Amino acid sequence: MDYKFIIKQRMEGYTLTSFGKNLQECSINEKHIALSKALMEEIVPPWRESEKKFKDKKRAYYLSSEYLMGRALSNNLINLNIKNEIESLMNDIGVSYNDIEEAEEDAALGNGGLGRLAACFLDSAATLDYPLTGYGIRYAFGIFKQKFMDGFQVEAADDWLKYGDPWSIRKEDEKVRVRFSSGEIYAVPYDTPIIGYKSNTINTLRLWKAEPLEVFNFKEFNDQHYDLAVKEKNDAENIGKVLYPNDSNDEGKILRLKQQYFFVSASLQDIVRNYKMNHSDFKDFSYYHAIQLNDTHPTVAIPELMRIFTRIEGLSWEESWNIVVNTFAYTNHTLLAEALEQWPVKLYKALLPEIYDIIVGINNQLMHELGGRGIYNSEAYQYEIIQHDSIKMAHLAIYGSKSINGVAKIHSDLLKDRELNQWYRLYPERFNNKTNGITQRRWLLQSNQELSNFITELLQTDSWITDLSKLKDLERYINDENVLRKFLDIKQIKKDQLAEYILKHDGVQIDSKSIYDVQIKRMHEYKRQLLNAFHILDLYYRLKEDPNMDIVPRTFIFGAKAAPGYFRAKAVIKFINDIANLVNNDSDIGGKIRVVFVENYRVSYAERIFPAADVSEQISTAGKEASGTGNMKFMLNGAPTLGTYDGANIEIVQEAGEDNNFIFGLRVEDIMEIQSSYNPYEYYNGVPGLRRVVDSLINGTFDDKGTGVYSELYDSLLKGANWHRPDNYFILKDFEDYRNAQQAINDIYKDRINWAKRCWMNIANAGKFSSDRTIEEYAREIWNIESTKQEVNIR
Ligand code: 26Q
């Protein structure tokens, strides 16, 4: 039977039984659900087959408190190779595919880089036919929705499950119990299929929902204690209520600790239960399982598996420890001291006394081992898992894992040489690097069809979709003007599309012929959006002085959420919005510069911005950005990097050539040298134009509505405020060099072909930054798992 007809029939059946109406009568949200459910009917049978395929094989598990998945519909249609048919079906039944797509809420169960990396990894593993299962939490609310009021960020709940989630299936019969000192709750799994691109594998993302053992207490109800009758339910459900919107600062909150233990314990119980179905002892456990810890957030897995082995399964401590260390691997995602997780001992003792006992046992064993190597007292102290009154999660993760990796070369080197040097000296063989990557399926094929088609046409193959190194062959067109012009035409199309979208969603008209200069990422001091803002203001003042100044028109685009309690980051959002207001409404500058801060930046918005960008702003203080992955998305879509020598920027320019990007500013070595003697006043007074823009924070140019956030920001730069040194991130020091790099961009951009060559070299050399490459490295060098790809190809 006709495929389209079958899908349509399923949609009709679904709307009847679930919404009580005909397909035509349904709202766009209902139609979206009906289509997704019809597709699930297609997906589940091969999903079950795929599960069987990996039986008796070693598998890897990704433990992550965050998954920033974005939308699933288009991604699934592309990976199933049925997007055209479905678009045509929607056309037949008079529904706009685009509207259906836009009806889907982003699954935004993550903050930023670390959560999006997890999502890219799942896509790559399924595409490469590796058995990788993701475990996490099914938060009722994802990262908050952002609105601007008077230029200030205001947060609203992200009720992403409002219309239900058609992509997940509740597995009631596989729920497990998780025990806290305060009582027991259920963890109920919801499984989402992770469909590889034209592969034979559909992996699983299993997210746990927290539920009470008893949904209603009749005794309390009868005693007229109505609140107590549902207290247990509310307490349990609170655990999975909301994603913590903090993407760096460690927050020692009991609810977060509950979240961590909740999903970790459930996941390990699940893994052990499955293992026991086919094995009568645990000797081979680490032979069959590799468990990757996505940062320290799931590190309680180490003592929890020790608990399961020693206290439930009756294994000896020694044997258990041996299995544990050979099972876990830990990825570090940050060098910021304030982001290193530590938990107050008293929280652990109160909530998880048994786990705390085991951590003490692990720490004692570590001290004993150090003693055996002649390390005592103050030297041993730097390794302690329990220091003073807090538990250092990174120390626990390192001691309990066979592998410790950073996420870009410079980051891994800094871990070895500085932050974790004592551990590196102890276990050098455990340390390794896995430079991050991104999936080209979402970040090029799906988001930039025009460029994708062009690349396929030039290469005369679409094999780049699963082997990104193929892009290197594009270099042969570097002197082909027709190709370069076509690239520029495509860029223009994407810029026009974005302009239209921004007008519709943010109400700002931008000039799509201007340079799109883009900084999209979480708002954080170390990422230095403030440096970008100061430069814009400087440019504005220079234009006011000289309206005939010869500059290529520019649109500065920002997208960023700030953690709700991070007041200085919120002040920068307000500052940029105020600059936008000033600049966009001043006819003196003749529309030469515009500033737009898009509201509620998220994965689905990012998919529209990256393809349209001309300049990729990657301007973190050197040594602070572990890797960055947005930088790779820009590169892949042909936007040169304007960046510091930090994170993966270094590897990007190594691949694409320093001449094709714009590197500026202090390097890690420079910072180490000047750190103790740095005096921002020198630059504030000495660099022409700098004082003028810094002073705008306090001289009445802008109005922070009496909140005082602007003067606090000013003080943080010049006086040092709230724990940190004056200008802790060297904004004033790097300003002049940044402005020069911006000037170079202006000058080079005018020569369109010269500019296009630089973009082209970035695309052609983006191969390394596929998460397929990263996953291959994890699979071979850490997990030791096999792909089923070969077997299929041989047949
Ligand atoms: C920790 C404790 C308490 C509350 C929150 C947190 C927390 C939550 C999220 C700490 C950190 C995060 C997220 C970190 C993150 O996204 N790091 C980024 O990871 C990317 C993937 O490796 C890198 O590319 C980025 O450089 C890095 O900043």
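In this predicted model, the lining of the second largest pocket comprises five nonpolar, nine polar and twelve charged residues. This pocket has a volume of about 800 Å³. It is lined by 26 residues, and those closest to its centre are Asn-98, Glu-101, Glu-102, Gln-497 and Arg-608. Two or more lining residues come from each of helix H3 (73–79), helix H4 (83–92), helix H5 (97–103), helix H21 (449–459), helix H22 (481–506) and helix H25 (603–609). Among these contributors, H22 provides the largest share of the lining of the second largest pocket, with seven residues.

A total of 29 residues line the largest pocket, and Glu-51, Lys-55, Arg-59, Asn-274 and Met-277 are the ones nearest its centre. Here both helices and strands take part: helix H2 (28–53), strand S1 (59–63), strand S4 (132–137), strand S10 (202–212) and helix H10 (254–278) are the elements giving two or more residues to the lining. Seven residues from H10 make up the largest share of the lining of this pocket. Sorted by class, the lining of the largest pocket holds ten nonpolar, six polar and 13 charged residues.

How values were computed:
Residues numbered from 1 in each chain as written. Predicted model: local features only at pLDDT ≥ 70, side-chain atom pairs only at ≥ 80, totals over all residues. Heavy atoms only, no water. 1 Å grid on protein atoms, 1.4 Å probe; cavity = no way out; pocket = protein on both sides within 12 Å on 5 of 7 lines; lining within 4 Å. Helix = DSSP H or I, 4+ residues; strand = E, 2+ residues; numbered from the N terminus. Nonpolar A, V, L, I, M, F, W, Y, C, P; charged D, E, K, R; others polar. Points joined across faces, edges and corners; volume = space filled by probe spheres on them.
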